[in-house]
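Please examine the sequence and the model below.

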Amino acid sequence: MKLYDLPDARGHFGPYGGTFVAETLIAALDNLRENYLRLKDDPAFQAELAYELAHYVGRPSPIYHARRLTEKAGGAQIYLKREDLNHTGAHKVNSTVGMAMVARHMGKKRVIAETGAGQHGVASATVAARYGMECVVYMGAEDVKRQAQNVYRMKLLGATVVPVSSGSRTLKDALNEAMRDWVTNVQDTFYIIGTVAGPHPYPMMVRDFNSVVGKECVLQMPEMVGRQPDAVLACVGGGSNAMGIFHPYIPHESVRLIGVEAGGDGINTGRHSASLSAGTPGVLHGNRTYLLQDENGQIIETHSISAGLDYPGVGPEHAWLKDTGRAEYVAVTDEEALTAFHDLCRLEGIIPALESSHALAQAMKMAAHMDPEQILLVNLSGRGDKDMATVAAHMGMTL
Amino acid sequence: MSRIASTFAQLAAAGRQALIPFFTAGDPDPASAVPLMHALVRGGADIVELGVPFSDPMADGPVIQRSSERALQHGVSLLGVLAMAREFRTVNTHTPVVLMGYANPIERLGYERFAREARAAGVDGVLVVDYPPEECEDLVACLRSHDIDTIFLLSPTSTDARVAAVGKLASGYVYYVSLRGVTGAGHIDTADVAGQVQRIRQHVAVPVGVGFGIRDGATAKAISAVADAIVVGSRVVLEIEEGGAAHGPARVQAVMQEFRSAMDQTGD
Ligand SMILES: Cc1ncc(COP(=O)(O)O)c(C=O)c1O
């Protein structure tokens, strides 16, 4: 096992990551980093977090052997890490619980978040209710229309949802607006970023909180099958569920790490969200990473059937893992993801999130070329209740 | 001496402060940029900050966001902005031009090519909102080798250590952002600014400009009593938004005249 201890003290993963923000935010980020590093090594904080994860989130999540799906794929055994069983229905809550606790320790009374599909917004509104904090969620005006159910869910939980009408009116613009709120209200406000992106220390902090997923797998797999899997797969939007399951596996060199991006209509159509597969390095939202951009360095609009993967950047640690070859990144189209979605519904009685369906699709493709003794572990990052309207619309129905 | 340094030296000798307007290049359309620059100078601008439009202007309020979107609708790129600066230089060889924008268009072009082309276009300084000093040592070195100043932001929350670090890298001037928040927000507290500028001067040798929240002549006058330069952004951009291509130049010229005469008044 080789030592892996990135990021460095200034938040760099090789050339990626860092703190690319206006001076007005530097003090807030320094303050957050100092507090987080202190709490990270504080046994009382860690015990409190473990309690919350066990009793509020419902951890550990089980690993499930998807036998009928395996049979259909015809090759390697497919196992699912059931993050869909968490409270609120996705992995996002792992980091929102953690960050809300950091916010509380820092004495912040107000939290803000950006959201695309609404999953992170719901997870943030949930913990804000749990800890008695005010919550404002920024959401692209387009997404507010597309995700009416989750908007209502956030409101039920007591959050204020602010539609963002600037730029492309989607997730990236919601993130811009949340940053603007933060820089204005930094005294009393904590920004709960929804993925392993943003300026240092966010990519590290969100990864650490989601690493509980991979840490559990490292213990569960030997108990269940006597060894670690041959490959671990996860979908990659910003990359938090993927970093969460990858990170504890980085030192296990025989385990392949495979990130699955949203190929949309196909990479060659230009309508996709596959920043690692088809992008180039640049600076956005506080860090250097792979971006989907035009020849002038303007960020371009992305597409995916799953709103949670519809983001033109990706966490900087993935950029580094790609360049070093420790992780591999592929893209899966909307159609392939939908097929995997229906397969899991019909064969296993599990309705997966469309995001997670991308990882499933890739696992089924790979499994077919592997031996039955081999094992694939898929991070089933969330459940598909939120996607009913999207899937129905795709089948020509309105609910 | 650089064009920025000699501009400040002349102003200091006359006991005056620099008036620095900002607008987004290409708003309302690319053809308006150079006429707007000349109009600003005619109205009394000493240095012109030319905003490079970006798809994700994270540090800007609604007024400058909209201007960026209008410019991008015309496909204005970093190279396009450099072409505007070059055209301005064919007529005006004395007014410093500073590019202000975000990191990614520069990352995309490459530091060396950017510095070379900016120099060829007659650009004097560069201010990149999302390059704090610790992330841009390479760019600063590159710009320096092409005799271009790097201008940095400082804020009310910058510690003395950071102010000193900026002081080591900065050339031209530094830009004190007087408000917590985005461009175009809130109200400015003159007494607070005076104290902050004094603190900055203990660590920074170059002139100190103040911006964010200066929207009228009276505020400009009050701030110019305690700083070396005032920067006016959202107010100029609003005039362009309302005046459009037809009336924008006359309106920004009038705004500069209002600010200039307020700043140059002696006594109260
Ligand atoms: C279930 C689920 N999986 C994955 C993602 C993508 O985010 P990330 O790549 O950060 O895990 C989302 C985002 O909303 C999600 O809801």
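Which residue in strand 4 of chain B does B:Met100 stand opposite? In this predicted model, the residue opposite B:Met100 is B:Leu127. The setting is the pairing of strand 3 (residues 97-101) with strand 4 (residues 125-128) of chain B, which run in the parallel sense over 4 bridges.

Both strands belong to an open sheet of 9 strands in chain B, with the order 5-4-3-2-1-9-8-7-6 and parallel pairing. Strand 5 (149-150) and strand 6 of chain B form the edges; each has a single partner strand, so one side of each lacks a neighbour in the sheet.

Strand 6 (152-154) of chain B is also among the elements that pack against the buried residues of helix 8 of chain B, together with helix 7 (137-145), strand 7 (174-177) and helix 9 (190-201) of chain B and helix 1 (23-40) of chain A. Within helix 8 (residues 160-169) of chain B, the buried residues are B:Arg162, B:Val163, B:Val166 and B:Leu169. These residues lie on the same side of helix 8 of chain B because they span an arc of only 125° around its axis. The face turned away from that buried side bears the exposed residues B:Ala161 and B:Lys168.

The largest nonpolar core has 192 residues, of which A:Phe190, A:Tyr202, B:Phe23 and B:Phe114 touch the most other members. Helix 11 (residues 234-264) of chain B contributes the most to this core, with 8 residues. A second, separate core of 30 residues includes A:Cys235, A:Leu309, A:Val332 and A:Ala359.

Notes
Residues numbered from 1 in each chain as written. Chains lettered and ligands numbered in written order. Predicted model: local features only at pLDDT ≥ 70, side-chain atom pairs only at ≥ 80, totals over all residues. Heavy atoms only, no water. Core = buried A, V, L, I, M, F, W, Y, C linked by side-chain atoms within 4.5 Å. Buried < 20%, exposed > 50% of the residue type's maximum accessible area, 1.4 Å probe, protein only. Helix = DSSP H or I, 4+ residues; strand = E, 2+ residues; numbered from the N terminus. Arc of directions from axis to C-beta. Contact = heavy atoms within 4.5 Å. Pairing = 2+ DSSP bridges.
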